[in-house]
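Please look over the sequence and the model below before reading on, and keep both at hand while you follow the explanation.

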Amino acid sequence: EIASCLVGSEMCIRDRYSALTEKRSYKEPLDTKQALTIIYRDVQEGKLHPFVFKALVNYASEKVTAAV
């Protein structure tokens, strides 16, 4: 039960991260730090499990490192 909940949250949070960091026809992309700051508010409000946020931070760090 918990594992499936965390997997669903991880997929949802990656979609949100992508929406924040990718250019859209109606907005410019945010940088990684801005996006993570916005998403971290969900952790603070208890809407997102800290483990899922940590996985996102690791994912974002890998993307930044790969781009360099």
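This is a predicted model: local features need pLDDT of at least 70, side-chain atom pairs count only at pLDDT 80 or more; totals for chains, interfaces and linings use all residues.

The paragraphs that follow go from the nonpolar core to one of the helices and then to the salt bridges.

The largest nonpolar core is made up of 12 residues, and among them are Ile-13, Tyr-17 and Leu-20, together with Val-52, Phe-53, Leu-56 and Ala-60.

H2 consists of 13 residues, and the distance from its first C-alpha to its last is 18 Å, close to the 18 Å expected at 1.5 Å a residue. At the N-terminal end, H2 is capped by Asp-31, which has a side-chain oxygen 3.1 Å from the backbone nitrogen of Lys-33. After H2 comes Gly-46, a residue whose phi is positive, near 80°.

Which residues of H2 are buried? They are Ala-35, Leu-36, Ile-39, Asp-42 and Val-43, and of these, Ala-35, Leu-36, Ile-39 and Val-43 also belong to the largest nonpolar core.

Asp-42 leads on to the next topic, the pairing of charged side chains. The count of salt bridges in the model comes to four. One of them joins Arg-16 and Asp-42, whose closest N and O atoms are 2.2 Å apart. Because Arg-16 lies in helix H1 and Asp-42 in helix H2, this pair ties together parts that are 26 residues apart in sequence. Asp-42 has a relative accessible area of 15% and is therefore buried, whereas Arg-16, with a relative accessible area of 31%, is partly exposed.

The side chains of Glu-28 and Lys-23 meet at 2.9 Å, taken from N to O, and both Glu-28 and Lys-23 are exposed. Lys-47 and Glu-45 likewise form a salt bridge through their side chains, with 2.9 Å from N to O. Lys-47 counts as exposed because its relative accessibility is 63%, and Glu-45 counts as exposed because its relative accessibility is 51%, the cut-off for exposed being over 50%.

Technical notes: Residues are numbered from 1 along each chain as its sequence is written. Side-chain values use heavy atoms; hydrogens and water are left out. A nonpolar core is a set of buried Ala, Val, Leu, Ile, Met, Phe, Trp, Tyr and Cys residues joined through side-chain atoms within 4.5 Å. Buried means under 20% relative accessible area, exposed over 50%, partly exposed in between (1.4 Å probe, protein chains only). Helices (H or I, at least four residues) and strands (E, at least two) are DSSP runs, numbered from the N terminus. The expected span of a helix is 1.5 Å times one less than its number of residues. A polar contact is a pair of N or O atoms within 3.5 Å; within protein, one must be able to donate a hydrogen and the other to accept it, and residues adjacent in sequence count only if both atoms are side-chain atoms.
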